[in-house]
Amino acid sequence: MTTITNESVLIARLAGIIRRVAKLKPEIPIRSETRLVDDLGIDSLDLVAIILQIHEDFDIVIDEDAVQHLRIVGDLAAQVAERSPQATEVNLVPEQKRAAG
Amino acid sequence: MERRGLNFRKRFLRAVLPFIRTLPLPVAARFLSGFGRLEYRLFPRLRRSFRDAVAHGRSILDGGWDVSVVSRELAGNHILWRTRDLLLDGVSEARAREMCIVTGRDDLDAALGLGRGCIMLANHFGAHMLPAHWLLREDFPLRLYMERPRHISRFMLEHFRSDGPLSQDKLFVSRQSDASDSASSILRAARTIKSGMLLYIAGDVRWSGRLTEKARFLGQTFQFSSTWVVLAAMTQAPVVIEFCRMEPDGRYHIEFLPAFIVPKEAAIEGQGGPWVQRFIDALEDQIRRYPTCSNDYFFWRKPLVA
């Protein structure tokens, strides 16, 4: 396995969480600049569930003051990366490494 | 209900309260409610409005009460309701304690004793701000999760001045909040509860949007905020319903009901309805038994259903 630092992988993980929690169709693109409310239709209940899932998956806590300022997926990624530097490090098998580009 | 002369009434009450408070407080309360009963006698339109509302309520609840008597007392209690906790502002602990009859304190203590915090499920029945006032006087670790209340005592205002991430100031909500603000607010409320505090939240707030559930109340279907259900499910904190009625002798009767736990599944969209209905049923039962403390519920004629 190869360990790499890849912000895009973090975005992909967060996108997976967002899709699952907010029940979004797979064809809806989720990128760093995607707006949570305007592009994905996320409401407060979804956002609470997303934050709680992130807490569980990454073993971190995003405080409430930071949640207030979340607007795009990249904001979420920044919060996760700040609290869990290893979140952007991912052990990938060769096939996953190729897929992640 | 038409709020004719509301500003005048507020200014008048603020002017006379310092003098009325020097009376024995139960007498002061009856004196204040006397203004409401006087208005009822003097203004035919107001009298008709109350009688129509009470008659409507009696038909829905199958209450055996006398419409004239209840209407008159309700008009009087409207003044006490709107006075909120101002009657106790600046009074000594001894006088405030004599003014309050409390039942169910053991149930409240047992709920807090579980060590998971507690959700105090409030409402707009009777003297609706008195339980919060009493809880603060008794040094309970209380936070209000609602819009910032106005026209309340300096005693309560002082308690709003706290610091830190779980300060009272950060917990007041706004109907103008966006998704991130609301999510932040809910997470903060959950953390407040988990820290062992008592979160005071109303269960009879008519609302729209996702965090709501429909419930049957006084013969109509309304959409109520279900935020308390989500918080209860998230935190697994015990929920204690409270009511505060105005007694005929002028005192306040605060009642805490035995706690219950909301299962985690209730946080799933659409699963919270039975819990909202359970609370609304308890509120309706309270109104049936004490219609003179029903405040403006009988005047709810147009359901706010989204």
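At what angle do helix 1 and helix 2 of chain A pack, and how far apart are their axes? The legends below, for a predicted model, begin with that pair.

**View 1. Helix 1 of chain A packs with helix 2 of chain A.** Helix 1 spans residues 7–22. The angle is about 135°, and the axes lie 9 Å apart. That makes helix 1 of chain A oblique to helix 2 of chain A. The crossing is right-handed.

**View 2. Residues of the contact between helix 1 and helix 2 of chain A.** Helix 1 of chain A brings Ile17(A), Ile18(A), Val21(A) and Ala22(A). From helix 2 of chain A come Asp46(A), Ala49(A), Ile50(A), Gln53(A), Ile54(A) and Asp57(A). By kind, seven are nonpolar, one is polar and two are charged.

**View 3. Chain A meets chain B.** Here 14 residues of chain A contact twelve residues of chain B. On the chain A side, helix 2 (44–58) and helix 3 (64–67) each give two or more residues. Helix 2 of chain A gives the most, with five. This side of chain A holds eight nonpolar, three polar and three charged residues.

**View 4. An open sheet in chain B.** Six strands line up in the order 1-8-7-2-4-3, with mixed pairing. Strand 1 (100–103) and strand 3 (142–144) of chain B are the edges, and each pairs on one side only. From one strand to the next, the twist averages 25°.

**View 5. Strand 1 of chain B beside its partner, strand 8 of chain B.** Strand 8 covers residues 252–256. The two strands pair in the parallel sense over four bridges. Ile101(B) has His253(B), in strand 8 of chain B, as its bridge partner.

Notes:
Residues are numbered from 1 along each chain as its sequence is written. Chains are lettered from A and ligands numbered from 1 in the order in which they are written. This is a predicted model: local features need pLDDT of at least 70, side-chain atom pairs count only at pLDDT 80 or more; totals for chains, interfaces and linings use all residues. Two strands pair if DSSP finds at least two bridges between them. Axes are lines fitted to C-alpha atoms, for helices over the stretch in contact, and angles run from 0 to 180 degrees between N-to-C directions. Two residues are in contact if their C-beta atoms, placed from the backbone, lie within 7 Å. Ala, Val, Leu, Ile, Met, Phe, Trp, Tyr, Cys and Pro count as nonpolar, Asp, Glu, Lys and Arg as charged, and the others, Gly among them, as polar. Angles under 35 degrees count as roughly parallel, over 145 as roughly antiparallel, 65 to 115 as roughly perpendicular and the rest as oblique. A crossing is left-handed if the near helix is turned anticlockwise from the far one by less than a right angle, and right-handed if clockwise.
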